[in-house]
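Please look at the sequence and the structure shown here, and keep both at hand while reading the report that follows.

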Amino acid sequence: MSSKNDYRTRFGTLTGVSASLIACVLLLAACSDRSKKDEADATPEAVVRTVERRAEPLATEQPGRLAAFRSADVRARAGGVVIERKYQEGQKVAKGDVLFRIDPQPLSAALDAARGALAKAQAEHDSARDKIERYRGLLEERAISAREDAESRAAEARARAEVLAARAEVRKAELNLGYTSVVSPIAGRVRRAEVTEGALVGLDSATLLTRVEQIDPIYVNFSQPAAEVYAMTRDLRTGKLQHGNEASAPQVHVTLPDGREYTLPGKLLFTDLAVDPGTDTIAMRALLPNPDGVLLPGAFVQVRMQGAVNPNIVRVPRESLTRTTDGAIVRVVDAQGKVHDTKVHAEAIDGRDWLVTDGLKGGEKVIVQNVAQFSDGMQVKIKADATDAAGAAAKSATVVTAADAKPQDNTAPVAPARAGPASKAETQ
């Protein structure tokens, strides 16, 4: 009987110990699961964007100055007093429109005097010619000497020359009288008058009266550093860059002094064949349409000219790129969720994006928010950028790989990137 009770006591004790062990195991398992969950919850979340490689036209941006397509100084070609101004300052005029009138009376009198001198010279010439005719018969009859005949012929030649000189004076007087009506040499817009009615003009020199300028189309003159031209030429030869649309001249866009971009693009007309030794630049000129007269001669603008096409451009947001003493880096997240600091080469900015030309191949997941919170080797959870999915469909229509990169259609509006380095303000 006592052995039976001992067995029950021992069995009960063992059962209690087993239950305690099982409870401890379950508790440890639960704690382990909770710690793993807490550890998973503690992994930082990184917002990433999948970048793509594209072919994009590069552009240089330089300051430029607008200049009239045609500009003519209207000057007084006849001396006299201005009696009338026949235009409103700033209005459009056609070629040949009368702008000023100079008092014609003195010049009209000079024309009458020249005509009188011509009539006198013609009369003297007629007399000398008649004398030659009469001397011809007398010479044959030996009634006059050969010397007298020669003198008559010389007198006729002098009279004929005087007629020619008198005719030239008449023509000159007619021109001077015609110059009293000052006309526009070209079609365009007339600027302010330099003289008023009553001014004495054109006596000692051809007095400037006003200017006429044609500003539709309009020139923009600018210069590009020779170093940039040499670098682009080198990259084109090595294949790093590709030519744009060779069928037409490079497109040119200008930004107005108030910061707005002019909507109508122009085309490059001229590139100088020499480097300016004073500025180490190459002069260029482009032609822009200006139907509404928005662009005015003499104004400074920013000129952005499309050049070659870079087939290996990767766009990353400005906030994704960090500059250090060793260069520029972006933080890329691999498939296992580990962060890697990737060195890149980016010197140009277009809008809100850095244009990376080396270091990224496309397809990488780049951290685009709170980049400073992450470091190389950190484990993160990937969260797609909200704009990544939305812009994927739109970008798919314009993505061009390096294998099939083709020139862009210059007739469509573009936002070209700069080939030169970004300004100090943009890199901060």
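Of the 428 residues in this protein, which is shown as a predicted model, buried residues make up 33%. The protein has 6 helices and 20 strands. Among the contacts between residues at least 6 apart in sequence, 77% join residues at least 24 apart. The protein exposes about 25,400 Å², and carbon and sulfur atoms supply 53% of that area.

**Aromatic rings**

The count of aromatic pairs in the model comes to 2. One of them is formed by phenylalanine 69 and tyrosine 219, whose rings are tilted, with 5.2 Å from centre to centre and 45° between the planes. This pair links distant parts of the chain, since phenylalanine 69 belongs to strand β2 (residues 53-75) and tyrosine 219 to strand β9 (residues 208-225), 150 residues apart. Phenylalanine 69 has a relative accessible area of 25% and is therefore partly exposed, whereas tyrosine 219, at 15% relative accessibility, counts as buried, because buried means under 20% relative accessible area.

The rings of tyrosine 87 and phenylalanine 100 also form a pair, and because their planes stand at 80°, with the centres 5.6 Å apart, this pair is edge-to-face. Tyrosine 87 lies in the loop between β3 (80-85) and β4 (92-93), while phenylalanine 100 lies in strand β5 (residues 98-102), so the pair ties together parts that are 13 residues apart in sequence. Both tyrosine 87 and phenylalanine 100 are buried.

Two arginines lie over the faces of aromatic rings, as the table sets out.

| Arginine | Ring it lies over | Distance from the ring centre |
|---|---|---|
| Arginine 85 | Tyrosine 87 | 5.4 Å |
| Arginine 323 | Tryptophan 354 | 4.7 Å |

**Helix α4**

Helix α4, which covers residues 226-238, has 13 residues and reaches 19 Å from its first C-alpha to its last, close to the 18 Å expected at 1.5 Å a residue. Which residues of α4 are buried? Ala226, Met232 and Asp235 are buried in this helix. An α-helix has 3.6 residues a turn, so residues three or four places apart point the same way. The cover over the buried residues of α4 includes strands β2 and β9, together with β12 (281-288) and β13 (300-317).

Histidine 253 has its place in strand β10 (residues 251-255). Is histidine 253 buried or exposed? With a relative accessible area of 5%, histidine 253 is buried, because the limit for being buried is under 20%. The side chain of histidine 253 makes a polar contact, at 3.5 Å, with the side chain of glutamine 251.

Proline 265 is found in the loop between β10 and β11 (266-271), and its relative accessibility of 33% means that proline 265 counts as partly exposed. Leaving aside residues up to four places away in sequence, proline 265 touches Gln251, Val252, His253, Leu288 and Pro289. The C-alpha atoms of proline 265 and proline 289 are separated by 7.6 Å, although these two residues are 24 residues apart along the chain.

Technical notes
Residues numbered from 1 in each chain as written. Predicted model: local features only at pLDDT ≥ 70, side-chain atom pairs only at ≥ 80, totals over all residues. Heavy atoms only, no water. Helix = DSSP H or I, 4+ residues; strand = E, 2+ residues; numbered from the N terminus. Buried < 20%, exposed > 50% of the residue type's maximum accessible area, 1.4 Å probe, protein only. Polar contact = N/O pair within 3.5 Å; in protein donor to acceptor, adjacent residues only side chain to side chain. Phe/Tyr/Trp six-rings, centres within 6.5 Å; stacked < 30°, edge-to-face > 60°. Lys NZ or Arg CZ within 6 Å of the ring centre and 35° of its normal. Expected span 1.5 Å × (residues − 1). Contact = heavy atoms within 4.5 Å. Areas by Shrake-Rupley, 256 points an atom, 1.4 Å probe, with all protein chains shown as cover.
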